[in-house]
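Please work through the following exercises with the model open beside you, and try each task before reading its solution.

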Amino acid sequence: MDVNGIRALFTVWVFICFLLVLYIVFNRRNKKNYDDAANSIFDENQDAQDKKSENR
C-alpha cells in the first residue's frame with residue numbers, strides 16, 4: 001500500500017467519524033441533555049443574582 005492508499009483510508013476514517021459525531025449530536029435521545037446544557041448559563045446567572053440580593 002502506497003502513501004495515496006493510506007491517505008484515502010484516512011479520509012474515509014475521518015468522514016466516518018464525522019458522520020458519527022453528527023449522529024450523536026442530532027439524536028433525539030440527547031435533546032434533553034443539550035437543552036439542559038444550553039439553559040445552564042441562565043440558571044447560573046439567576047443563582048448569582050439571588051446571592052447578590054441576599055447579601056444586601
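## Exercise 1: Salt bridges

Asp35 forms a salt bridge with Lys31, and the closest N and O atoms of the two are 3.2 Å apart. The model is a predicted one, and the distances and areas below should be read with that in mind.

Task: Find how many salt bridges the structure holds, and describe where the partners lie along the helix.

Solution. Begin with the total, which is two salt bridges. For the pair Asp35 and Lys31, the 3.2 Å between the closest N and O atoms is to be judged against the limit of within 4 Å for a side-chain nitrogen and a carboxyl oxygen. Both residues belong to helix H2, which covers residues 31-55, and they stand four residues apart, about one turn of the helix. Next comes the salt bridge in which the side chains of Lys32 and Asp36 meet, at 3.0 Å from N to O. Lys32 and Asp36 are separated by about one helical turn, because they are four residues apart in helix H2.

Task: Is Lys32 buried, partly exposed or exposed?

Solution. The cut-off for exposed is over 50% relative accessible area; Lys32, at 58%, is therefore exposed.

## Exercise 2: The annotated span and the nonpolar patch

Task: State which residues the UniProt annotation "transmembrane region" covers, and describe the span in the model.

Solution. According to the unreviewed UniProt entry, the annotation covers residues 6-26. In the model this span is 100% helix and 0% strand, and its end C-alpha atoms lie 30 Å apart.

Task: Which helix gives the most to the nonpolar patch?

Solution. The surface patch has an area of about 1100 Å², and its residues include Phe15, Leu19, Val25, Phe26 and Tyr34. Helix H1, residues 3-26, gives the most to this patch, with 10 residues. One of the patch residues, Val25, is placed in helix H1. Patch residues need over 30% relative accessible area; Val25 is partly exposed, with 38%.

## Exercise 3: The aromatic pair

Task: How many aromatic pairs does a search of the whole structure find?

Solution. The search finds one aromatic pair. Phe10 and Trp13 form this pair, with 6.0 Å from centre to centre and 35° between the planes, and the arrangement is tilted. Both residues lie in helix H1, three residues apart, which is about one turn of the helix. Trp13 is exposed, with a relative accessible area of 53%.

Notes:
Residues are numbered from 1 along each chain as its sequence is written. This is a predicted model: local features need pLDDT of at least 70, side-chain atom pairs count only at pLDDT 80 or more; totals for chains, interfaces and linings use all residues. Side-chain values use heavy atoms; hydrogens and water are left out. Helices (H or I, at least four residues) and strands (E, at least two) are DSSP runs, numbered from the N terminus. Buried means under 20% relative accessible area, exposed over 50%, partly exposed in between (1.4 Å probe, protein chains only). UniProt positions are given in the numbering used here, feature names are shortened, and annotations may be inferred rather than shown by experiment. Patches are made of residues with over 30% relative accessible area and no salt bridge: like charges are joined within 9 Å, nonpolar side chains (Val, Leu, Ile, Met, Phe, Trp, Tyr) within 5 Å. Accessible areas come from the Shrake-Rupley method with a 1.4 Å probe; for residues, only the protein chains shown count as cover. Rings of Phe, Tyr and Trp (its six-membered ring) pair if their centres lie within 6.5 Å; planes under 30 degrees apart count as stacked, over 60 as edge-to-face and the rest as tilted.
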